[in-house]
Amino acid sequence: MFKKVLIANRGEIAIRIIRACKELGIKSVAVYSTQDENALHTVFADEAVCIGPASSANSYLNPTRIISAAEITGADAIHPGYGFLAENSEFADMCNSCEITFIGPSSEVIRRMGDKAEAKKAMVEAGVPVVPGSDGIISKEEEAHSLAQQMGYPVILKAVAGGGGKGMRIVRDPKSLENSFMMARAEAEAAFGNADLYLEKYIESPRHIEIQLLGDQKGNMVYLGERECSIQRRHQKLIEESPSPIITDKIRKAMGEAAVKGALHVGYFSTGTIEFLVDSKQNYYFMEMNTRIQVEHPVTEMVYQVDLIKEQIKVAAGMTIDIKQSQLKPVGHSIECRINAEDPANNFIPSPGEVTSFYQPGGPGTRVDTHIYASYKIPPYYDSLIAKLIVWGRERQEAISRLNRALDEFVVEGIKTTIPFHKFVIATPEFLSGDFDTHFIEKIYRKDLIEI
Ligand code: ADP
């Protein structure tokens, strides 16, 4: 087992990883920007190293500074969390060449699955259903034109380097293709430094359902059911739950086995997620793979009683997973709300600043993963996620009642948060009945139904 793990991240996920290290008896090292000197991850870790100024490019996104911090403190592994360098194959390579274990899959797999067109090819090879579309990169607009004509509109143009919903354009007719092609390329170039696009059939009213995987370096792999992530705004997830209200045992098994097959085909190990789009007839199509731990991992932990971060660290150290697929049955229901420092009444604009008072909910079946405390100043430089509220109930209805109660208890003053928005969403008939798709939030938001 590792002796000391450096956490190349900040915020709630850094704290989550420090907790796992402590429970495993591993020393932890935090890295922090000058802005985060008083952040909880800096204080909670056994050691902390300042790696630069506030801007991410010069701190949390700077591989050299992070590796130097690991070398100075004698850390034998680095956990990247999510975001920042978590899916950067060059960073994983750098760790390996410095004989520091990167806690995640191999750099080759990160590279291959990070190219979304390549990832789709790999899944086709493995026999996993994928969204119909181009065979790889579409370099000319004419190519997009003829393929779209062949498949039928609407289609969606997506960046091969995509992430966070950027560089995507839905095209409903041939007239708008030219413009969309240019716009998507420009957006992809600006966001990822790579303008390459691929094309897919646009699936109307899909659900976003993903499978959690856990594999070791000896070729053992299990799936820990699904997460329903259809409650999104601008392709960003807001509420996630497990199990999905629409997934039967039979479909879970089929999707889970397909995900395992796909991941083993590319030599995957560690925690990872295969994202699927599910259409109204319950056909499922591979969309992409995330080669890291995800923000929404706690809902899976709640219903499968597995600590995914501890498992991820253990398999990175070469240990064998001792969980059998037959033991993995979801128990109860879990829902997570992502609470952001944003103003939902004002088009979700970021709302950084000082938290003047803070009280987090507790009680039965209630978990809060956060790095916020009273008097903490939320910096404007980083992601606006300030807390994840996760509840568990014996069934979905109990989880929703608990979530409603916990949102009522949650006090964050001095800044605007998305707490009132979550209260509104979970009271809608669509959410209560489980009858929604990825367009749900846009529909209700546009209707101006929100009174918050
Ligand atoms: P990113 O990596 O930027 O998050 P994804 O490929 O995961 O991009 O897609 C994000 C979201 O965009 C999905 O959850 C879904 O809502 C929507 N989406 C992506 N591809 C399609 C498609 N072919 N048809 C319909 N919706 C799509």
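How far apart do the C-alpha centres of domain 1 and domain 2 lie? In this predicted model, the separation is 36 Å. The domain assignment divides the protein into domain 1 (4-103), domain 2 (132-201) and domain 3 (207-449).

Strand 2 covers residues 27-33. Five bridges link strand 2 to strand 3 in the parallel sense. S33 stands opposite G52, a residue of strand 3.

Another open sheet has three strands, in the order 7-6-8. Here the pairing is antiparallel. Strand 6 and strand 7 run antiparallel and are joined by three bridges. Across from V171 in strand 7 stands V155.

At least two residues of the shell come from each of strand 6 (155-159), strand 8 (197-201), strand 12 (270-278) and strand 13 (284-290). In terms of domains, domain 2 (132-201) and domain 3 (207-449) each provide at least three shell residues. There are 23 residues around the ligand. Those that come nearest are K158, G165, E200, H208 and E288. What is the make-up of the shell by class? Eight residues are nonpolar, eight are polar and seven are charged.

E200, one of the nearest residues, places a polar side-chain atom 2.9 Å from a nitrogen atom of the ligand. A polar backbone atom of K201 lies 3.0 Å from a nitrogen atom of the ligand. At G163, a polar backbone atom is 3.3 Å from an oxygen atom of the ligand. How much of the ligand does the protein bury? Taken alone, the ligand exposes 560 Å², and the protein buries 95% of that. The size of an interface is often expressed in this way, as the accessible area lost when the parts come together.

Note on methods:
Residues are numbered from 1 along each chain as its sequence is written. This is a predicted model: local features need pLDDT of at least 70, side-chain atom pairs count only at pLDDT 80 or more; totals for chains, interfaces and linings use all residues. Side-chain values use heavy atoms; hydrogens and water are left out. A residue is near a molecule or strand if one of its heavy atoms lies within 4 Å of it. A polar contact is a pair of N or O atoms within 3.5 Å; within protein, one must be able to donate a hydrogen and the other to accept it, and residues adjacent in sequence count only if both atoms are side-chain atoms. Accessible areas come from the Shrake-Rupley method with a 1.4 Å probe; for residues, only the protein chains shown count as cover. Helices (H or I, at least four residues) and strands (E, at least two) are DSSP runs, numbered from the N terminus. Ala, Val, Leu, Ile, Met, Phe, Trp, Tyr, Cys and Pro count as nonpolar, Asp, Glu, Lys and Arg as charged, and the others, Gly among them, as polar. Domain bounds come from an automatic or database domain assignment. Two strands pair if DSSP finds at least two bridges between them.
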